[in-house]
Amino acid sequence: MQAAWTAAALGRTKKIPPLKKLMITPPAKPKKSTWQEMYAVGLAWAQAAGEVLPPGGTA
């Protein structure tokens with residue numbers, strides 16, 4: 001209901017306010033990841049899919 005009211009109200013305005021004024025909370029900033037964290041996530045995905053080879057390289 002609030003989204004419909006806001007859309008109707010914005011349709012009647014001559015100048016639309018900036019999006020920053022319409023947002024309730026500021027957007028979250030993404031956390032910077034190290035390459036080790038990214039590698040660990042990729043390794044976990046590969047292990048879940050059964051794509052990780054054991055030491056020695058052959059299954």
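In which helix is tryptophan 35 found? Tryptophan 35 is found in helix H3. The model is predicted.

The overall fold is described next. The secondary structure of the protein chain comes to three helices and zero strands. From the N terminus on, the order of elements is α-α-α. Helix H1 covers residues 2-12. Helix H2 covers residues 19-22. Helix H3 covers residues 35-49.

The protein chain averages a pLDDT of 82. A score of at least 70 is reached by 88% of the residues. Among the elements, helix H2 has the lowest mean pLDDT, at 80. Helix H3 has the highest, at 89. Where pLDDT is low, the predicted coordinates should not be read in detail.

Helix H3 has 15 residues. Its first and last C-alpha atoms are 21 Å apart, close to the 21 Å expected at 1.5 Å a residue. Just after H3 comes glycine 50, which takes a positive phi of about 75°.

Burial was examined across the chain. The protein chain has 59 residues, and buried residues make up 2% of them. The chain exposes about 6,000 Å². Carbon and sulfur atoms supply 67% of that area.

Leucine 10 lies in helix H1. Its relative accessible area is 26%, so leucine 10 is partly exposed, between the 20% and 50% limits. Leaving aside residues up to four places away in sequence, leucine 10 touches Ile16, Pro17 and Leu22. Threonine 6 also has its place in helix H1. Threonine 6 has a relative accessible area of 27% and is therefore partly exposed. Leucine 22 is 16 residues from threonine 6 in sequence. In space, the C-alpha atoms of threonine 6 and leucine 22 are 9.6 Å apart.

Side chains of opposite charge can pair when their charged atoms come close. A search of the whole structure finds one salt bridge. Lysine 31 forms a salt bridge with glutamate 37. The closest N and O atoms of lysine 31 and glutamate 37 are 3.4 Å apart. Lysine 31 counts as exposed because its relative accessibility is 65%. Glutamate 37 counts as partly exposed because its relative accessibility is 35%.

Technical notes. Residues are numbered from 1 along each chain as its sequence is written. Side-chain values use heavy atoms; hydrogens and water are left out. Helices (H or I, at least four residues) and strands (E, at least two) are DSSP runs, numbered from the N terminus. The expected span of a helix is 1.5 Å times one less than its number of residues. pLDDT is the predictor's confidence in each residue, from 0 to 100. A salt bridge is a side-chain nitrogen of Lys or Arg within 4 Å of a carboxyl oxygen of Asp or Glu. Buried means under 20% relative accessible area, exposed over 50%, partly exposed in between (1.4 Å probe, protein chains only). Accessible areas come from the Shrake-Rupley method with a 1.4 Å probe; for residues, only the protein chains shown count as cover. Contact means heavy atoms within 4.5 Å.
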